[in-house]
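Q: Can we go through this model together? I'd like to begin with the domains.

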Amino acid sequence: MAVYTELPQSLTEVDVIIVGGGTAACIIASRLSDADAELTVLVIESGPDNLNDPAVVHPLLFLSHLLPTSKRTIFYQGTAEAQLGGRKLVVPSGGSLGGGSSINLMMYSRAQRSDWNDWGPGWSAEEMIPYLKKLETYHGPNSGSTHGLEGPTLISGGTYRAHRSENDFIQAANKVGYPEIEDLQDLDSNNGVQRALRFIGPDGKRQDTAHRYLHPRLQDGKHPNLMVLVESQVLRILFQGTKASGIEYQPNPAFQSSGTKKRIAAKKMVIVSAGALGTPLVLEKSGVGDPEVLKRASVPVVAEVPGVGKEYQDHHLLAYPYHTSLDADETVDALTGGRLDIPELIATNASILGWNAQDVGAKIRPTDAEVDALGPDFKATWDRDFKNNINKPLVSMALISGFPGDPTGLPVGQYISLSTFSVYPYSRGHIHINSTNPSDAVDFQTGFFLSPIDVTKHVWAYKTQREIMRRMATYRGELAVGHPPFPPESDAVCNKTDGPLTNVQNIKYTVEDDAIIRTWLIDNVSTTWHSLGTCKMAPLAQSGVVDSNLNVYGVQGLKIADMSIPPGNIAANTANTAFAIGERAADIFIDELRLGKSP
Ligand SMILES: Cc1cc2nc3c(=O)[nH]c(=O)nc-3n(C[C@H](O)[C@H](O)[C@H](O)COP(=O)(O)OP(=O)(O)OC[C@H]3O[C@@H](n4cnc5c(N)ncnc54)[C@H](O)[C@@H]3O)c2cc1C
């Protein structure tokens, strides 16, 4: 079936409607349409189609999706946050077919065993491993264990690596106490670094769920039951009493000249999969949420579910740039600086196109001495939540081959950066509607750093990453604009060097230096694009929104399946978990619709 921008007038009802055509949604739609040729499935996506778009297909072009002009990204605008000095953060999220999987940075990282074991019945690590295997064909090391060998998503190193900095970083991390681990994504390994694998096939193409699941079925002539409507915003779910009966939508004015609101009925099920920032907004506009929020937006209550939009989480990101002795073909600075001919790269199918510029990933924990040095409050938290749970890292890192942002104004050069994010933040934010108008501002607070413990984690992360980088042979000093402004007399002051450091000793930070780091962190923390937890799977009384079969409390025929459901955070970039949610959710729905098993 084709991808529509406007549905045929004759189509007034289907069996299943999926709200949002993102990462999890493309998997669910595909598996449902396989399970029963008679079951009609309609996906409604607010953004455009993505079929064969070079900016999607070629991994190297991922940065284009972060530009404010991107039409494939939704930029959720936050409100001023006092704990961040009044800053208003913007959190980008997937905004086309394939959702986040079509625009993300393609790092392959999986939740830890203990993360899954904290979820509801049916979602433990042992129960999820079949789905983790089902989604992938794994081309990395240690392929026999928890990895799959026959799934649609190809996981490999892609077609390009900057071997010198990769090896250099790994030997430096080893010196600081973090060994190379062959497979850090086996659910059990921890406290080391890994040569990165990615959602990139051995042929260098991005592995988004639209291209790996949905498009092949739309084109094979065997799935007339699968329909996709793009460039159309779902405004609300319709109910007959408390049973979901369809949806109301309108053409997205960003892509189509304004059209009228339309409705389509769902005979069997409505599945909301609009992402952790989109899903709670759809629910609230439909009358499912906290009565106070609904009242403020003049929405009649269908079901009182106070947890909707409530426990927003992300991973707090800081990335630190360094001068290097690397060559131009070992970083992406020539690309971001506009010095590469992209059409020429595409015309020649250059191998660098199959690179995401992140060659090493890490999951790390502090030593006992480092925990003690972070003070009694941090130590009490560590002893309670981490010390005996050796499966849980404190921080994740990725080596970025280039300056991590807009390089305008920087001297032309080759930079390298280390990104750090804390994987189990204690801070929580929220996202709610102010009105039912999709173009009105929303009430969005990230909550980043509301917990001072989350700031302390990043003080440790800052010092640790810097000690690793100072031990790299290609290190040539800190790029000062991306570091705390230490005074000249401080041991920590940023310096540019002519060669590698020798006989490297750890920097000694003063109390004043620590205060400078904390202030700098607060002024610079930003999103890791790992939004989750806004409609969590938990009992209603614990701010839960769905049960373990993904039923929304208080209504019937309404499901949620995306990154809004995780009840707790995960020590990983979040795409793999979104894929696994899609696979698991599809099986739940197939069982419930009595369609037999998906192939
Ligand atoms: C810039 C960026 C970089 C990232 N990098 C990585 C990485 O390197 N590795 C990794 O593992 N993870 C990464 N992630 C995170 C990962 O991609 C996401 O966690 C995951 O894709 C979320 O999947 P989802 O199914 O929950 O939602 P999404 O994939 O975001 O899908 C939601 C879809 O719903 C649509 N939608 C929203 N509202 C409506 C509405 N009202 N009507 C119709 N449609 C609607 C959206 O347009 C979107 O397509 C990154 C994310 C981003 C944004």
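**Domains, ligand and core**

A: The centres of domain 1 and domain 2, taken over C-alpha atoms, are separated by 31 Å; the bounds come from an automatic or database domain assignment. This is a predicted model, in which local features need pLDDT of at least 70, side-chain atom pairs count only at pLDDT 80 or more, and totals for chains, interfaces and linings use all residues. Residues are numbered from 1 along each chain as its sequence is written.

Q: How many residues does the contact take from each domain?
A: Domain 1 gives 34 residues and domain 2 gives 35 residues, with contact meaning C-beta atoms, placed from the backbone, within 7 Å.

Q: Switching to the ligand: which residues are closest?
A: G20, G22, G99, G100 and A575 are the closest of the 43 residues that surround the ligand. A residue counts if its C-beta atom, placed from the backbone, lies within 6 Å.

Q: Which element gives the most to that shell?
A: α8, with four residues. Helices (H or I, at least four residues) and strands (E, at least two) are DSSP runs, numbered from the N terminus.

Q: And the largest nonpolar core, which members touch the most others?
A: V19, I28 and V270, out of 164 residues. Such a core is a set of buried Ala, Val, Leu, Ile, Met, Phe, Trp, Tyr and Cys residues joined through C-beta atoms within 7 Å, where buried means 20 or more other C-beta atoms within 10 Å of a residue's own. α16 supplies the largest share of this core, nine residues.

Note on methods. Two residues are in contact if their C-beta atoms, placed from the backbone, lie within 7 Å. A residue is buried if 20 or more other C-beta atoms lie within 10 Å of its own, exposed if 12 or fewer, and partly exposed in between; C-beta atoms are placed from the backbone.
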